[in-house]
Amino acid sequence: IITDMTMPHMTGLELAEKIHDHNPDLPIILCTGFGKGIPKDKIKDKGISEVLIKPIIKSDFADAINRILSPKDS
C-alpha cells in the first residue's frame with residue numbers, strides 16, 4: 001500500500017493502522033511532507049514499512065519498494 005499522510009477524512013497513519021489491524025504482513029509506504037514530526041514508535045506501531053519525505057525522488061521511491069518487497073534473510 002502506498003498512501004499519503006494528508007488525505008480527506010483520515011490521515012495516512014489512521015489508514016495504516018486500519019490496514020495493519022486486518023493484514024499485519026501487508027507492507028505500507030507513507031508519503032509525507034511532515035515526516036520529521038512523526039515519532040518512530042508510532043510509525044512502527046502502525047505497521048508502516050517505509051516513510052518517504054516529499055518531494056520524492058524516483059530512485060528513492062524505487063529503492064523503498066525494492067526494500068519492502070525483497071525477500072528477507074531468515
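**Fold and packing**

Reply: The secondary structure of this predicted chain comprises three helices and three strands, where helices (H or I, at least four residues) and strands (E, at least two) are DSSP runs numbered from the N terminus. Because the model is predicted, local features need pLDDT of at least 70 and side-chain atom pairs count only at pLDDT 80 or more, while totals for chains, interfaces and linings use all residues. Residues are numbered from 1 along each chain as its sequence is written, and side-chain values use heavy atoms, with hydrogens and water left out.

Me: What is the strand order of the open sheet?

Reply: Strands count as paired if DSSP finds at least two bridges between them; three bridges join E1 to the parallel strand E2 (residues 29-32). The three strands pair in parallel, in the order E1-E2-E3.

Me: Which strands are the edge strands?

Reply: An edge strand here pairs on one side only. The edge strands are E1 (2-4) and E3 (50-53).

Me: Where do the buried residues of H1 pack?

Reply: Buried means under 20% relative accessible area, exposed over 50%, and partly exposed in between (1.4 Å probe, protein chains only). In H1 (12-22), Gly12, Leu13, Ala16 and Ile19 are buried. They cover an arc of only 125° around the axis, taken from the directions from the helix axis to the C-beta atoms, which puts them on the same side of H1. Asp21 and His22 are exposed on the other side, whereas the buried residues pack against E1, E2 and helix H2 (40-45).

Me: With which residues is Pro27 in contact, leaving aside its neighbours within four places in sequence?

Reply: Pro27 lies in the loop between H1 and E2. The C-alpha atoms of Pro27 and Ile2 are separated by 8.6 Å, although these residues are 25 apart along the chain. With contact meaning heavy atoms within 4.5 Å, the partners of Pro27 are Ile1, Ser49, Ile68 and Leu69.
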